[in-house]
Amino acid sequence: MPGVNLCCNHQNPKDTMTTTRYNIKETETKWRQAWESRDSFRVTEDSKKEKYYVLEMFPYPSGRIHVGHVRNYTLGDVVARYRKACGFNVIHPMGWDAFGLPAENAAIERGEHPHKWTHENIRMMRDQLKSMGLSIDWSREIATCDADYYRHEQKMFLDFYRNGIAYRKESMVNWDPVDNTVLANEQVIDGKGWRTGAPVERRKLNQWFLKITDYADELLESLKNLPRWPEKVRIMQENWIGKSRGLQFKWNIVGSSEQIEVFTTRPDTLFGASFLALAPDHPMSQKLCGDKPEFKKFLAACQAGGTSEVAIEPAEKLGHDTGLKATHPLLGREIPVYVANFILMDYGTGAIFGVPAHDQRDFEFATKYKLPILPVISPSPASANAPAPSPLREREGPAKQEGEGQTEAYTGSGTLMNSEFLNGLDIESAKQRIIDECEKIGNGFGTTQFRLRDWGVSRQRYWGCPIPMIHCEKCGVVPVPEKDLPVTLPPDVTFDKPGNPLERHPTWKNVKCPSCKSDARRETDTFDTFFESSWYQFRYCDPKNENLPFAKDKAAYWMPVEQYIGGVEHAVLHLLYARFFTKAMRDCGYTEVSEPFTGLFTQGMVTHETYQDEKGAWLFPTDVKKDGEKFVTVKDGKPVKVGGIVKMSKSKKNVVDPEDILSTYGADAARLFILSDSPPERDLEWTESGIEGAWRYVNKLHRMINESLPLLPLPNGERAGVRGPLPEFSKEALTLRRATHKTIKGVGEDIEAFAMNKAVAKVRELSNAISEHCHPGSPICHPGESRDRVDESLAWALRESIETLVILMNPMMPHLAEELWEILGHKTLLVETPWPKADPALLVQESVTIGVQVNGKLRAQITLPSNADQKTAEQTALGEPGVQKALEGLQVRKVIVVPGRIVNVVAG
RNA sequence: GCGGCCAUGGCGGAAUGGUAGACGCGUACGCUUGAGGUGCGUAUGGGGUAACCCGUGAAGGUUCAAGUCCUUUUGGCCGCACCA
């Protein structure tokens, strides 16, 4: 890696003369051991202290941490260490999202048992995380693949089942015929399985579901109570839940007793209906034309486009005329009934009425099948009864009467026309009016639909939590009795054949029915791994509880999580599931808590430049080096093509290994760089020069403070300034103190606002101010006699500044800060030292330099006492030569003085 | 298509409507060093010898004052996507 030679702590003889060089490895290890031996981060409930729960999304134990983890856990650690210093009882736990597919793939590829593979990975990753110096209470560590963990969710699932939250139903799934397993929608690429490349089949399977739809309204409504969530995530969840209001009502079919029920969010356009359309898999479609050969052809055409929704999207609108007519409930008019490929069975009622004039899809469909287009909304505010041609109509309205020549549907606002009693109403009033009318005539009702579907939790996988159910031919589905929990995974399985090994395990699968004792079989599906991650934040509150998932009072103390941190990729799934789970647990009596995370922060990705060799093969950053302006390969100096800065990924090899970084530059430098370069919500570009810059700063701080020691008064057993009468402060001392206290305020505010890059900038600013005084020539010393203190007050202020600096840097660079704290003469640990408080008296500047503008253009700068009145400011400003020059030939009309900000002279 | 976010030096980024560019990276020059690196110092938005002029994607507007607020527009990123 470029710059790797920087790390070696080779000692220049000259260096040893002045100060000892900072030995990163030794020092960082020393302090981690100190914290560990003192259990610095171990917490228990303490009713006298206010708690603060910091949680980062727990990692999947892939075996190695990546830079995204480093960013995630550094951000959390800054918050945790800061809150701890502020006096909160901080819980900051860690664990492992340990079930999932990669373990099974490893088993298939390498013949290693998922259990062994996972636990080895956990061990390695735990070591890596520990080397970051995180303030984690490791005594609370959990792994979701341990029966000690998942036994509780089996019990929970049984409670859900009893309370009607869990149920079983048949549904359509993506089935990979080679792997013999269900695939998630994301795992289907162009209609083929992502691993096998085999065309995915649509299959009907019996699956377990959780009734998240019962909570749709609450999940939506309580988003309003989450002000400390990113707006973006709330909007994404809102869209995902997809609530819409409308009218549901029935159409009679001519010559039949059958009815077709439809849902619409645009009941106002009912008089513009020109056809009905059914989903292809609507029961009525089958019934009406299931036998007809043309219909079968049509169905085949529908499926040709692929199975995933995305594949269907650009497809042409296709329809099949059933030949039937339906009667308009208000007009008595007859309109045709089609089956159409763009109607989804699982939204609304699976049937619609089409209004081509005001819906783009209906418009395309009507155009293709030559159906009437009947405009009922006039974009002009003019009377709908006499639709006089208005200039607007040409541009945005239906171009001509009866929609002839119209090229697209009009979906904007307007006034109802051609609609009997609705004429002249605006859209919103018309909606309500027609819902009232339908309710009055006893056909239909105003209702609400959700886009959210119930959560299918069954997976045909081995490495997951077994679903604690038994299938008995006589009794049907029978829950595993609680005394038989947990249902543990059998260890003796093989992965030499495709499919779920649980299916092939004779003694595990075949059991007696708990109810009638006859032969039965176990449910062989396991839970979706989002199941485990939906409640782990509760388990951390009471991780060793054998009888319960967690004690209610412990959860009551620690929950909810004040600050949750993770990637935005979980904005919907995990975060929605966890919110739902919390509410479901609440309704089953597990807790009183309704929302698991009151504060959420979503971090950006980590990116890196990409490199390719002459043949286009991707190169690791460690395989290339800079040669002048260009990059060449390390191996043979061949030219390297430098590509875009994109998210780190193994496929493009633009990754750096945190373990290399940590051992080369140390945890503090890595943490500092990650915090300082970009605002945490944005993408972070990992650069070699950036990490080197951070590393240099770590060394600089160590050197600077070591060199300043002879200038400082003794710590006197306490932090300077805490005890004893204050000396009379010199001007320099006051300036330094003001800078110090301003920084205390600023850094605290920045950390609380997650502006870590700004917090780092302020720490650097303070250290720049301090370094002014750490040299011969500073007023602290006699000119020429570098180490004799003259200005005692400045020496005192310098110690105050340096100690403050060390405390403020602690959340970012905890090892270095702890080391410097000791160097400064303290016998206590910095990790137990409270955050300083800014002295309000020192936050007021003595004098301020402000700009003077003439007609908004800057012409001079003036320095005023901060308590100067407006008149003084005005006079000083007008007296400035630059101002006078700009005013030549002009008359002053007005002078605006904003105290402490600006003076603006308006002249003309 | 719908919804959201963003746009500031060579780069990452700072700026309660009030001195645009904090802090850092990079670069240049000088000092230190046997050399390289480290360290230290100075400079660094553009133009101009200078006075000064121009500058926050573009165009308008509000205001004494706009990177910030409003309207229009361009480009990029993200989410959802036949949701009736």
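**View 1. Residues around RNA strand B.** Of the 51 residues around RNA strand B, those that come nearest are T265, R361, K758, T849 and Q861; a residue counts as near if one of its heavy atoms lies within 4 Å of the strand. Of the RNA atoms that come within 4 Å of the protein, 65% belong to sugar and phosphate. Do keep in mind that this is a predicted model, in which local features need pLDDT of at least 70, side-chain atom pairs count only at pLDDT 80 or more, and totals for chains, interfaces and linings use all residues. Residues are numbered from 1 along each chain as its sequence is written, chains are lettered from A and ligands numbered from 1 in the order in which they are written, and side-chain values use heavy atoms, with hydrogens and water left out.

**View 2. The surface near RNA strand B.** This surface is made up of 19 nonpolar, 14 polar and 18 charged residues. Here Ala, Val, Leu, Ile, Met, Phe, Trp, Tyr, Cys and Pro count as nonpolar, Asp, Glu, Lys and Arg as charged, and the others, Gly among them, as polar. Helix 24 (residues 756-771) gives the most to it, with 6 residues; helices are DSSP runs (H or I, at least four residues), numbered from the N terminus.

**View 3. Side chains at sugar or linking oxygens.** A polar side-chain atom of T264 sits 3.0 Å from a sugar or linking oxygen of RNA strand B. For an N or O atom in the side chain of R703, the distance to such an oxygen is 3.3 Å, and for a polar side-chain atom of N757 it is 3.4 Å.

**View 4. Helix 8 against helix 19.** The axes of helix 8 (residues 231-241) and helix 19 (residues 573-587) come within 10 Å and cross at roughly 75 degrees. The two helices are therefore roughly perpendicular to each other (65 to 115 degrees). Helix 8 brings V233, Q237, W240 and I241 to the contact, and helix 19 brings L573, L575, L576 and R579 (contact means heavy atoms within 4.5 Å). By class, the contact has 6 nonpolar, 1 polar and 1 charged residues.

**View 5. Helix 21 against helix 26.** With axes 7 Å apart, helix 21 (residues 667-676) and helix 26 (residues 814-823) pack at an angle of about 120 degrees. A667, D668 and R671 of helix 21 meet P814, H815 and L816 of helix 26.

Conventions:
Axes are lines fitted to C-alpha atoms, for helices over the stretch in contact, and angles run from 0 to 180 degrees between N-to-C directions. Angles under 35 degrees count as roughly parallel, over 145 as roughly antiparallel, 65 to 115 as roughly perpendicular and the rest as oblique. A polar contact is a pair of N or O atoms within 3.5 Å; within protein, one must be able to donate a hydrogen and the other to accept it, and residues adjacent in sequence count only if both atoms are side-chain atoms.
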